[in-house]
Amino acid sequence: PRAVHLTDYAPFSHIVEHVHLSFDLRRSATRVTARIGMRPNPDATRGPLRLDGEGLTLLWARIDGAEVAPRLDATGLTVDAPDAPFVWECAVEIDPSSNTALEGLYISNGMFCTQCEAEGFRKITYYPDRPDVMAPFTVRINSDLPVLLSNGNPGASGDGFAEWEDPHPKPAYLFALVAGDLVAHSDRFTTSEGRDVALNIWVRPGDEDKCAYAMDALKRSMAWDERVYGRAYDLDVFNVVAVDDFNMGAMENKGLNIFNARYVLASPETATDDDYARIESIVAHEYFHNWTGNRITCRDWFQLCLKEGLTVYRDQQFSGDERSHAVQRIGDVQMLRGRQFREDAGPLAHPVRPASYIEINNFYTATVYEKGAELIGMLRRLVGDDGYAKALDLYFARHDGQACTIEDWLAVFQDATGRDLTQFKLWYSQAGTPVLDVDWRLEDGTLTLKIDAAIPETPGQTDKALPVIPVSLGAIARDGREVLATTVIEVSETPTRVSFDIGTDDAVPSVLRNFSAPVTLNLDLAKADRAVLLAHDTDPFNKWEAGRMLAKAALTAMVTDGADSDPDFLAALQPVLADETLDPAFRALVLGLPSDDDMAGTLALAGQTPDPDAIAAARRDLGHAMAVDLESTLTALYDGMQVHGPYDPAAADAGKRALRNAALAYLTKLDGGDRARRQFDAADNMTDSLGALVPLIRIGAADDALARFYQSWKDHRLVLDKWFSLQIAAAPGTEGAAIAARLVEHPDFDWKNPNRFRSVIGALGMNHASFHKADGSGYALVADWLIKLDPVNPQTAARMTTLFETRARYDADRQGLMRDALDRISAAPDLSRDTGEMVGRMLD
Ligand code: HT7
Ligand code: ZN
């Protein structure tokens, strides 16, 4: 398949003035009639009309009412069109019932629904399916189903039909249609501009009692975007639909968001605190797209980070405002390091704005999303809060209704603040995580730092220039005083030298506060100095990071030198855990050890070959030592953090539950599971239920609890996903591989449902020691199932091939076994373009 290149961009030959679509919905023979007003684009080269289309049966086509015979091929049609405004009309037939790829119009549990981003609209009708073609749409749906939805405001409706009108010009990827037997949880919101908006969350009958939290999150998101960005909602209705079969998290279709049901439905009995937090952030994310993505969209898919990076940044800001900035930042960085740094260090590394792709679906990545969000945070650090606010105001004023580029985005910052961003722009075009090597000296009360910066080679990019890197830093005296308040320096050349008069030689630098840039920091600090930061740093991120670095050092010594668990680490933890002035949610994070995958990446970065079994053993042993050493503190936390009263998913109670359950996880290593079993029996919410079940699984004592859990929840799809995934992801030793092999035979393993597939095959990938089991059974099972899934759902199969992206880290035997798995996938007959591209990049 041919690659698409950023440099090949050319505007579309025609301007689309208006789109009218009419759907006669039938399961296996839906008829779509389109009437589209077009005129030649004065800014484009003249040529015939080329429309994208895939898997469509063309019934007829007309231009200005006269029948035409377009030239059809596998990816669309070409037809000569007048050199003046004209109306294109066509009718096509499509088969939603056989659409298992979940792109275009498909059926999930009897409900018709669509997914058009990135290039699904071309599976619905012939159209210039590219984001820079924006038009107002009207839609008529003919169907006997009771609820018929599309974008925009409702128009006429009656027996067997409904019409919708979306006045805001939009690209086709934001088109949506839903039809089914649905019930709504409804509310209203009055915007700051006085618009009374009807809010509906549509679900299958029986699920309407699980929508309250998503609705609450939606209303808070609407108010927040008005307050913080001055952005109000712009239609009379905002519909959200929960769908069981969905490839990703959710989709921001204009006025008709479609969600994976797992990110809508929540009740205390069925959803954990983490589920609630994720629902809040995804509802916010999709809502925020209304301005950053929909009103201002992307010129082409290379600019994906324009909407995704900014919208992730905005949802992170929102969650921080609603909950805790410190806890949010630590979680965001853990995610960035766990997914994006891993991606950046392997064969799939690509810039935040890639230069080419074969299948755009493969570029909805942690780099585009999470690193893209980090770039926004750095920009803000460089221009300041006021500069950021001015730039965003200018962005909305200048570009509303347009399809934009990263150049447009950076220009508003330059124009609003006067700052030259030429060097910053390198962040968008260069892959790889920059490494900062920091040397520090403290003499005569002066702290001097020398910072060397470099970006590792990545596929296709060897010679890189240094982008400007904002480094936030401070210093803490060993007696606990802050002797240098947070200061941001700009690393724009290597080496960069800076000095600060801090009035003492008895202090420790605190560098990269709040993780001010997405870089790897090498800063040599003695254990005792890290303990000073863990105890006293005023920057919560670096306080947590100090503990993390101590934990990593302890685990590294255990893995590589067979050392015992580090008593200094344990001693440094205790006062933090017991410090009642600290947020319980923050203390829960301090108590968590780095994951096995994180340790494998850390060891690989240090030039070592990670041994998955040794890492798992070290983590288990250190966890056991923490339990023994901190037993009284942990017991006090477990007893003291009990939450009384009705379940409340808000941050305060969730933080207490997080700390209590973190303590329980350690105590379970000592008491054989007694406390956990008692908690499991008594739990009245899913957080506490799983808080007990997971530690029991980890010590291999969960058979009874798992059986009871299954009996209680076997008819609840989302909870059953948890039952599948946890027993694999949390399985001790390398047992996860055999458990997954057993569970794929389970009658409830409905592998065509992406959530269920991820809860088994994806969960095996989450269990490091099991996936990397030395006999290769983990790799083989994943490969078998990806080969089976690919013809059915290429998008989900392709995403999951990333489990193999860390191949180069491991020993020759494992590398060979992983290569065998990739070779087998690559040799599968009729491999999709999606999976073919991913596997090809990993085998290069
Ligand atoms: N903009 C959406 C990205 C997306 C997607 C969503 C669901 C299914 C397939 C999809 N392909 C791309 C989601 C978002 O970032 O908000
Ligand atoms: Zn998004």
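Visitor: Which residues does UniProt list for "domain: Peptidase M1 membrane alanine aminopeptidase"?
Guide: The unreviewed UniProt entry lists residues 213-424 under that name; such annotations use the numbering adopted here, have shortened feature names, and may be inferred rather than shown by experiment. The structure is a predicted model, in which local features need pLDDT of at least 70, side-chain atom pairs count only at pLDDT 80 or more, and totals for chains, interfaces and linings use all residues. Residues are numbered from 1 along each chain as its sequence is written, while chains are lettered from A and ligands numbered from 1 in the order in which they are written.

Visitor: What makes up residues 213-424, in helix and strand?
Guide: That span is 56% helix and 9% strand, with its end C-alpha atoms 39 Å apart. Helices (H or I, at least four residues) and strands (E, at least two) are DSSP runs, numbered from the N terminus. By contrast, the record's unreviewed "domain: Peptidase M1 alanyl aminopeptidase Ig-like fold" covers residues 432-522, a span of 0% helix and 56% strand whose end C-alpha atoms lie 16 Å apart.

Visitor: Which residues touch the most other members of the largest nonpolar core?
Guide: Val-178 and Val-264 do, within a core of 253 residues. Helix H5 (residues 366-399) contributes the most to this core, with 11 residues. The set is called a nonpolar core because its members are buried Ala, Val, Leu, Ile, Met, Phe, Trp, Tyr and Cys residues joined through C-beta atoms within 7 Å; buried requires 20 or more other C-beta atoms within 10 Å of the residue's own, with C-beta atoms placed from the backbone.

Visitor: Which residues does Val-178 touch?
Guide: Leaving aside residues up to four places away in sequence, Val-178 touches Met-111, Phe-112, Cys-113, Leu-149, Val-241, Leu-256 and Ile-258. Contact means C-beta atoms, placed from the backbone, within 7 Å, so each of these residues meets that limit with Val-178.

Visitor: How many residues surround ligand 1?
Guide: There are 13, the closest being Gln-115, Glu-117, Asn-247, Met-248 and Met-251; each counts because its C-beta atom lies within 6 Å of the ligand. Strand S20 (250-251) and helix H2 (273-288) each give two or more residues to this shell. The shell has five nonpolar, four polar and four charged residues.

Visitor: What separates the centres of domain 2 and domain 3?
Guide: The centres, taken over C-alpha atoms, are 23 Å apart. The contact draws 15 residues from domain 2 and 13 residues from domain 3. H5 gives the most to the domain 2 side, with five residues.

Methods:
Buried ≥ 20, exposed ≤ 12 C-beta atoms within 10 Å, placed from the backbone. Contact = placed C-beta atoms within 7 Å. Nonpolar A, V, L, I, M, F, W, Y, C, P; charged D, E, K, R; others polar. Domains from an automatic or database assignment.
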